[in-house]
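Reader: I'm new to this one. Could you show it to me and let me ask how you know what you say about it?

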Amino acid sequence: MVGFLGIAVAELLTGSSALTQLGSATGAAAAAAAGLLTLAASIAPAVAGRVPAGQVIASDSGAFEDGPLPYFWTPLAEKINGRVAMVGTLGLILTEQFLRGGAALL
């Protein structure tokens with residue numbers, strides 16, 4: 001989600017498409033920094049000793065109760081948010097490339 005929002009905000013401010021941003025040295029460095037910060041935030045609870053290391057990364061083998069989708073920070077909510085952000089980012093890139101000829105969408 002952080003990556004999608006970063007691309008959208010930079011596109012609004014600069015008018016550069018998503019692939020143009022990611023292809024530049026600054027954009028690639030920003031994407032790498034966002035990824036490393038996200039990784040650091042994900043493993044921080046285990047490093048601090050607050051949760052066991054095995055619980056830091058969500059597992060697909062875990063079962064979730066049937067019912068309404070969660071709205072807060074649960075493993076299922078984070079998985080859904082992450083997948084929606086990935087689909088949104090891919091949709092933004094594909095729309096810019098195929099419908100706008102590489103021009104910024106936002």
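Author: Let's start with the pocket. This is a predicted model, and the lining of its largest pocket divides into 19 nonpolar, 16 polar and 2 charged residues.

Reader: What makes a residue such as Gly count as polar here?

Author: Gly is not on the nonpolar list and is not one of Asp, Glu, Lys and Arg, so it falls among the others, which count as polar.

Reader: How much space lies in the largest pocket, and which residues are closest to its centre?

Author: About 1,200 Å³. Of the 37 lining residues, Met1, Thr38, Ser42, Glu78 and Gly82 are the closest to the centre.

Reader: Which helix gives the most to the lining?

Author: That's α3, with 10 residues. α1, α2 and α4 also supply at least two each.

Reader: How do you know whether α4 has the span expected of a helix?

Author: The expected span is 1.5 Å times one less than the number of residues. α4 has 24 residues (75-98), and its 34 Å from first C-alpha to last is close to the expected 34 Å.

Reader: Why are some residues of α4 called buried?

Author: Buried means under 20% relative accessible area, so Ala77, Ala85, Thr89, Leu92, Ile93 and Glu96 fall under that cut-off. The buried residues of α4 pack against α1 (2-14) and α2 (18-23).

Reader: What is the predictor's confidence like?

Author: The chain averages a pLDDT of 82, and 85% of the residues score at least 70.

Note on methods. Residues numbered from 1 in each chain as written. Predicted model: local features only at pLDDT ≥ 70, side-chain atom pairs only at ≥ 80, totals over all residues. Heavy atoms only, no water. Helix = DSSP H or I, 4+ residues; strand = E, 2+ residues; numbered from the N terminus. Buried < 20%, exposed > 50% of the residue type's maximum accessible area, 1.4 Å probe, protein only. Contact = heavy atoms within 4.5 Å. pLDDT = per-residue confidence, 0-100. 1 Å grid on protein atoms, 1.4 Å probe; cavity = no way out; pocket = protein on both sides within 12 Å on 5 of 7 lines; lining within 4 Å. Points joined across faces, edges and corners; volume = space filled by probe spheres on them.
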